Amino acid sequence: MLIRSVWLLLLLAVAFSASAQQTTRVAFGCCIDHTKRQEVWDAINHAQPEVFVFLGDTIDENAGDMDDLLDAYEVFNRYRGPRVLRRNSAVMSVWNRNDYSLDSKSGKDNPNRYAVRNHFLTFWREPATSERLFQKHGIAKSVIFGNESQRVQVIVLDGRWNRDPLSQVGWVERQTRRFNADLGPYQSNNTGDLLGDEQWQWLAEQLQQPAEVRIIMSATPVIAPANGYDSWALYQREQKRLKELLTELKPSGLLLASGDRLFGEFAKSDEFLPYPLWQVTPGSINFDGETPYSSVYRDGEAYAESRYGQIEIIWKEQPELELTLRDVDGRPLDTRRINLSQLQPD
């Protein structure tokens, strides 16, 4: 009897140890040329993330009408890698300019946005009962993975459905900026909308759901300089509104992931929360990398060869988060390790 009791205790200790070392892996990528080889899927599928998020521009198409979009998705669907990923991982997706716009209408001015939404969600196999098919605020989505004490909330924002447009600088200025990687083509729209009131209310509700780790996913960077490249920094009122919301709610364990850049980087800001807010930008799935612009928010280097990003939560006694930028073969280019205790408001 004593031997059996000791053996049972050993089994329980092993089980507890295994549980303590369990991980949750969230990977994400963006910016795909759907006509070119996509070699990185082998590495992503080998990593077996519990969750993969497509952060927009999953096709490279300047679509004039729905037929152009449908043709591009038909080409993209021929690739085996994304199909394997959808079988083995929970896949979430959101659009950006190239997979939302029609005839250069890239925000709330898109008269065919309902048709675009229906096809986008059908392609990504959104359930027929999903609220995303009927929401007034677009295709934002929030899912909590894992059980109590190991819950990871993934919040995907829609920055297109209610978006006011950005204007480009004048023609002469654009030609000058073409030779300066630090300046993009857009002017700020500091009074314009990105999310819309309904999505702001929805976001506040999601941030009050219980979770140990939260990752807000945005197709365009939240933490970025106002340098003429598309980002929340060009929508000053919206960025200020996010700061006010986070200051009010003080959510714990919060990180950001963003798309829309052909290079990978870590960014960090002390302007949003009582603790540092980290942002991971993964780079492009298969575009050639571009020359990174300068940024006061960047932590370390930027990597033109970065192909996807990953946030792994290691559930040990003191949970740890490992943020990585990875190349086409899945090798880490750069890593940040953060104790979850560092991402607490108190």
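Which residues line the largest cavity? The close-ups below start there, and every view comes from a predicted model.

**View 1. The largest cavity and its lining residues.** Welcome to the inside of the model. The count comes to 1 cavity of 30 Å³ or more, and about 60 Å³ of space lies in the largest cavity. To find the lining, look for L157, D158, G159 and R163, then for L194 and L195, and finally for S218, A219, T220 and W232. By residue class, this lining divides into 5 nonpolar, 3 polar and 2 charged residues.

**View 2. An open sheet of 6 strands.** Reading across the sheet, the strand order is β3-β2-β1-β10-β11-β12, and the pairing is mixed. The edges are held by β3 (90–94) and β12 (332–339); each has a single partner strand, so one side of each is left without a neighbour in the sheet. From one strand to the next, the twist averages 15°. As a reminder for the eye, strands of a sheet pair through backbone hydrogen bonds, in either a parallel or an antiparallel sense.

**View 3. The pairing of β10 with β11.** Here we zoom in on two strands of that sheet. Strand β10 covers residues 308–314 and strand β11 covers residues 320–326. The two pair in the antiparallel sense over 7 bridges.

**View 4. Two aspartates with positive phi.** D103 is not a glycine, yet its phi is positive, at about 50°. You will find D103 in the loop between β3 and α5 (113–123). Is D103 buried, partly exposed or exposed? With 48% relative accessibility, D103 counts as partly exposed, since the exposed class begins over 50%. D260 is not a glycine either, and its phi is positive at about 70°. D260 sits in the loop that runs between β7 (254–258) and β8 (264–269).

**View 5. A267 and its contacts.** Our last stop is a residue of strand β8, A267. Its relative accessibility is 1%, so A267 counts as buried, the limit for that class being under 20%. Leaving aside residues up to four places away in sequence, A267 touches I223, L277, W278 and Q279, along with Y297, R298 and D299. For a sense of scale, A267 and F120 are 147 residues apart in sequence, and their C-alpha atoms are 30 Å apart in space.

Terms used. Residues numbered from 1 in each chain as written. Predicted model: local features only at pLDDT ≥ 70, side-chain atom pairs only at ≥ 80, totals over all residues. Heavy atoms only, no water. 1 Å grid on protein atoms, 1.4 Å probe; cavity = no way out; pocket = protein on both sides within 12 Å on 5 of 7 lines; lining within 4 Å. Points joined across faces, edges and corners; volume = space filled by probe spheres on them. Nonpolar A, V, L, I, M, F, W, Y, C, P; charged D, E, K, R; others polar. Pairing = 2+ DSSP bridges. Helix = DSSP H or I, 4+ residues; strand = E, 2+ residues; numbered from the N terminus. Axes fitted to C-alpha atoms, helices over the stretch in contact; angles between N-to-C directions. Buried < 20%, exposed > 50% of the residue type's maximum accessible area, 1.4 Å probe, protein only. Contact = heavy atoms within 4.5 Å.
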